[in-house]
Amino acid sequence: MNKLGFGLMRLPWSDDKTWNNVDIEKTREMIDAYISQGFSYFDTAWVYHGGMSEKIFGELVAKRYPREKFQVTTKMPLWNVKETADFEKIFNQQLANCGVEYFDYYFLHAMNKDLFEKAEKLGGFEFMQRMKAEGKIKHPGFSFHDSPEVLEWALERHHKEVELIQLQINYIDWESNDVASRRCYEIAAGKYNKWISVMEPLKGGNLAKVTPEAEKLLKSVQPDLSIASWGIRYAASLDNVIVVLSGMSNMEQLEDNMSYMKDFKPLSDSEYKAVEKAGEIIKNSILVPCTGCHYCTDPSTGGCPKKIDIPRFFQLYNDQNKYSLSNGLKWNYGEASKNGGSPADCIGCGHCERHCPQKIQIISELKKVKETFS
């Protein structure tokens with residue numbers, strides 16, 4: 001299996017409400033191009049694109065390609081599980097949504113200490129083992145958003161029940177205290193020898209468009225490769241990594257990713273040194289480590305009661321720090337408020353913070369955004 005995975009979380013947008021603003025024709029073109037080049041791994045989830053991502057996969061992949069042409073992963077939303085019977089109800093709906101009889105990989109979604117305890121209480125691990133025995137899950141696992149200590153605790157208890165772990169790995173989070181990519185990777189891949197699926201290799205696009213100083217450094221080493229290629233190749237170069245997910249939003253991003261991943265070459269020693277230096281520069285330019293996952297605003301998690309497009313405002317806030325405040329960014333700030341609330345409308349309910357995998361103090365950060373653009 002080629003290591004470039006197609007993440008179905010950041011698909012092309014349109015005004016078509018039928019598919020929750022996903023441009024189906026552009027998505028179809030991207031999927032066809034991806035499969036035509038021999039790539040095959042798709043990653044979706046119950047919550048992506050307001051609950052439409054799995055159905056889009058079913059329509060554009062499962063209905064149109066033979067089963068041997070693709071592998072698909074989806075995830076159990078523990079926050080929607082209220083009792084043990086919900087596991088099977090949701091799982092059966094996911095099979096129907098995706099149009100398949102089994103999942104190649106299946107995760108408990110966005111696991112942290114509280115959700116691990118909930119999964120244990122309601123029998124989530126046992127459910128996955130039962131589905132594996134019935135042939136409906138080939139490889140069970142979980143996606144993870146918590147500390148290395150929690151990961152160690154979870155794997156001590158459940159390492160025999162999982163085969164693949166999805167971790168956030170990128171070159172600015174590798175040594176961070178919050179995400180701690182390296183420590184989590186060393187526990188999962190090193191100590192427990194698990195396969196690794198990598199999410200957020202570009203940290204929600206923050207590593208696709210970097211500061212001029214960092215870009216100059218990377219281009220001096222590999223002038224013909226895109227800035228985004230560094231993040232994908234960095235993650236794919238690690239042992240035990242079987243797939244690196246990219247949430248591609250247009251054909252240009254897809255074609256760029258395929259150009260260097262079809263015949264993948266791991267980073268050289270000189271490239272590692274360059275990316276480490278660039279990472280230090282980039283880290284200082286990112287004020288809010290938002291990856292744009294939209295868990296904080298997605299209707300399937302409850303959404304923001306004031307309809308604030310939190311990830312978009314954080315992107316504008318980070319951009320103004322990287323490139324200095326401009327009239328264009330001020331205009332974008334006003335546009336971002338037209339279809340919903342602005343940071344000034346935040347009521348501090350905390351819903352967004354409860355669903356943020358990055359553990360961002362969203363309420364206080366929105367106040368800074370408001371002050372910056374006032």
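These legends describe close-up views of one predicted model.

Local features need pLDDT of at least 70 and side-chain atom pairs count only at pLDDT 80 or more, while totals for chains, interfaces and linings use all residues. Residues are numbered from 1 along each chain as its sequence is written, and side-chain values use heavy atoms, with hydrogens and water left out.

**View 1. Helices H7 and H8 pack at an angle of about 20°.** H7 covers residues 148-158 and H8 covers residues 181-191. Helices (H or I, at least four residues) and strands (E, at least two) are DSSP runs, numbered from the N terminus. The two axes are 8 Å apart. Axes are lines fitted to C-alpha atoms, for helices over the stretch in contact, and angles run from 0 to 180 degrees between N-to-C directions. H7 and H8 are therefore roughly parallel to each other. (Under 35 degrees counts as roughly parallel, over 145 as roughly antiparallel, 65 to 115 as roughly perpendicular and the rest as oblique.) From H7, Pro 148, Glu 149, Leu 151, Glu 152 and Leu 155 take part. They meet Arg 183, Cys 184, Ile 187, Ala 188 and Lys 191 of H8. Contact means heavy atoms within 4.5 Å. By class, the contact of H7 with H8 has 6 nonpolar, no polar and 4 charged residues. (Ala, Val, Leu, Ile, Met, Phe, Trp, Tyr, Cys and Pro count as nonpolar, Asp, Glu, Lys and Arg as charged, and the others, Gly among them, as polar.)

**View 2. Helices H3 and H4 cross at roughly 40°.** H3 spans residues 53-62, and H4 spans residues 85-98. Their axes come within 6 Å. That angle makes H3 oblique to H4. Glu 54, Lys 55, Phe 57, Gly 58 and Ala 62 of H3 meet Gln 94, Asn 97 and Cys 98 of H4. Here the contact has 3 nonpolar, 3 polar and 2 charged residues.

**View 3. Helix H10 is mostly covered.** Of its 10 residues, 10 are buried. Buried means under 20% relative accessible area, exposed over 50%, and partly exposed in between (1.4 Å probe, protein chains only). Among the buried residues are Trp 230, Arg 233 and Tyr 234. The buried residues of H10 pack against strand S7 (195-199), helix H9 (212-221), S8, H11 and helix H12 (269-283).

**View 4. Helix H11 spans residues 251-261.** Its buried residues are Leu 254, Asn 257, Met 258, Tyr 260 and Met 261. Their cover includes strand S1 (4-7), helix H1 (24-36), helix H10 (227-236) and strand S8 (241-246). Asn 250 caps the N-terminal end of H11. A side-chain oxygen of Asn 250 lies 3.1 Å from the backbone nitrogen of Glu 252.

**View 5. Asn 257 lies in helix H11.** At 3% relative accessibility, Asn 257 counts as buried. A polar contact of 2.6 Å joins its side chain to that of Tyr 260. (A polar contact is a pair of N or O atoms within 3.5 Å; within protein, one must be able to donate a hydrogen and the other to accept it, and residues adjacent in sequence count only if both atoms are side-chain atoms.) Leaving aside neighbours within four places in sequence, Asn 257 touches Leu 4, Ile 232, Ser 246 and Met 248.

View 6. Most residues other than glycine have a negative phi. Asn 20 sits in the loop between S1 and H1. With 27% relative accessibility, Asn 20 counts as partly exposed. Ala 180 is in the loop between strand S6 (164-168) and H8. Ala 180 is buried, with a relative accessible area of 1%.
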